[in-house]
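Dear colleague,

I am passing on to you the structure we spoke about, with the sequence alongside.

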Amino acid sequence: MADILKLFTSIGLSEQKAKETQKNEALSSALTEAVIQAQRINGTSGVDKAMGTLLYSMASRLKDNKRLAFLSDCIAQRKICTEVQLAAALDFVKSHPNDPISQKEFDEACGVDVVITPEQIEDAVEFVVKKHKEQLLKERYRFNMGLLMGEARSALKWADGKVIKNEVDVQVLHLLGPKTEADLEKKPKAPKAKAAENDVKTKKEEVTVNGATNLVEGRSLMEQLRGEALKFHKAGENYKTEGYVVTPKTMELLKKHTEITGGQIRTRFPPEPNGILHIGHAKAINFNFGYAKANNGICFLRYDDTNPEKEEEKYFTAIKDMVEWLGAPTPPPGVQFLLMTSRTRPVPDGLPLYPGRGGTRLCRDAQTSLSPDTSSSSSGGSPRRSQASRET
């Protein structure tokens with residue numbers, strides 16, 4: 001235990017941070033392996049604080065430990081020298097789960113051997129400061145300095161962020177001089193303008209989805225979804241999801257899936273038809289249908305059930321009615337929603353699927369689709385079931 005603490009403090013961790021790290025078994029194991037790997041290359045005293053910081057950041061953020069030795073080598077050999085490069089390296093190994101990793105592609109994606117000189121940083125910051133000079137002189141230190149940082153970093157992707165910040169501080173100080181008492185005062189809040197209800201007009205945007213033009217109040221569908229929805233992986237990139245298990249056949253299967261779907265977004269709303277929907281379902285309905293619609297995709301209303309004989313037909317129709325009431329499209333005549341169950345036979349090969357309006361996917365086969373008018377069973381009047389095994 002004392003040896004582990006000594007190892008962690010040797011790379012620049014404070015004693016308290018080292019103790020906290022040791023309590024996290026997974027992180028402690030990964031960091032120990034990474035540091036030992038780096039010491040094999042640089043010697044016991046060759047891992048300085050800067051390298052130790054990168055090793056700690058890598059060990060704490062890496063999701064697949066089979067890349068631990070590879071990334072540790074890159075850091076130890078000083079191919080990865082900044083947090084920006086490390087972030088690119090982590091993204092690269094995440095998007096390339098299968099062996100072997102192309103060293104050439106990795107180096108290009110992570111800016112390996114790209115040298116950014118102090119002169120380049122100075123010139124980039126000077127250009128950005130001149131661009132916003134008028135506004136800087138007007139707002140002085142109340143100006144959003146993050147804007148200068150962001151634009152300078154965009155121009156020099158692999159530059160060290162700390163060096164850019166220092167250069168921004170120096171050039172802003174040279175332009176504005178030291179802060180005055182007025183600069184230190186809190187910026188007064190602008191009074192909120194009160195508009196009469198009759199004067200408030202709701203802005204509407206036209207959004208074209210599946211060939212139909214829809215009016216959306218205020219913001220686009222994707223802007224309304226925001227949050228975690230904007231972080232979703234693209235179609236066929238499921239392996240980028242945290243915790244996704246990658247097997248030797250994963251990439252091949254995902255490639256086939258993408259070929260079949262054409263890269264189209266597929267979502268689903270899979271309620272069990274054993275009761276009436278409640279308010280908690282509203283978010284799932286809105287999110288799954290909305291996300292598919294915003295991306296010109298398809299959402300499956302798929303009844304999931306493990307014991308369909310005990311269900312009542314009223315729940316099937318009630319769920320369908322509620323989904324439609326919330327805005328999901330009504331299926332055309334003769335087309336029924338799918339029912340998924342583990343207790344019935346799979347949908348036959350070649351079964352045609354109908355792409356419903358607004359992104360709903362439905363089954364056209366009368367013998368395997370949900371058809372309340374003709375498919376009631378003798379045990380409880382529940383509709384006939386089919387397994388949506390061809391969802392992909």
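What follows is a summary of what was found, going from the whole chain to single residues and pairs.

Please bear in mind that this is a predicted model. The protein chain contains 16 helices and seven strands, and of its 392 residues 37% are buried. When contacts between residues at least 6 apart in sequence are considered, 66% of them join residues at least 24 apart. The chain exposes about 24,000 Å², of which carbon and sulfur atoms supply 51%.

The structure holds zero disulfides. As for individual cysteines, C81 is partly exposed, because its relative accessible area is 46%, whereas C299 has 1% relative accessibility and therefore counts as buried.

Helix 15, residues 279–294, passes a simple check of length: its 16 residues should span 22 Å at 1.5 Å a residue, and the distance of 23 Å between its end C-alpha atoms agrees with this. The buried residues of this helix are I285, N288, F289, G290, Y291 and A292, and just after the helix N296 takes a positive phi of about 55°.

R67, in the loop between helix 4 (49–61) and helix 5 (68–76), has a relative accessibility of 6% and so counts as buried. Leaving aside residues up to four places away in sequence, R67 touches L62, V93, H96, P97, N98, D99 and I101.

E15 forms a salt bridge with K19, with the closest N and O atoms 3.5 Å apart; both residues lie in helix 2 (residues 15–23), four residues apart, or about one turn of the helix. E15 counts as exposed at 53% relative accessibility, while K19 is partly exposed at 40%. In helix 8 (residues 118–131), K130 and E126 are likewise four residues apart, and their side chains meet in a salt bridge of 3.4 Å, N to O. K130 is exposed, with a relative accessible area of 59%, and E126 is partly exposed, with 32%.

Because D48 lies in the loop between helix 3 (25–42) and helix 4, and R78 in the loop between helix 5 and helix 6 (83–95), the pair ties together parts that are 30 residues apart in sequence. D48 is partly exposed at 34%, and R78 counts as partly exposed at 43%.

Notes:
Residues are numbered from 1 along each chain as its sequence is written. This is a predicted model: local features need pLDDT of at least 70, side-chain atom pairs count only at pLDDT 80 or more; totals for chains, interfaces and linings use all residues. Side-chain values use heavy atoms; hydrogens and water are left out. Helices (H or I, at least four residues) and strands (E, at least two) are DSSP runs, numbered from the N terminus. Buried means under 20% relative accessible area, exposed over 50%, partly exposed in between (1.4 Å probe, protein chains only). Contact means heavy atoms within 4.5 Å. Accessible areas come from the Shrake-Rupley method with a 1.4 Å probe; for residues, only the protein chains shown count as cover. A disulfide is a pair of cysteine sulfur atoms within 2.5 Å. The expected span of a helix is 1.5 Å times one less than its number of residues. A salt bridge is a side-chain nitrogen of Lys or Arg within 4 Å of a carboxyl oxygen of Asp or Glu.
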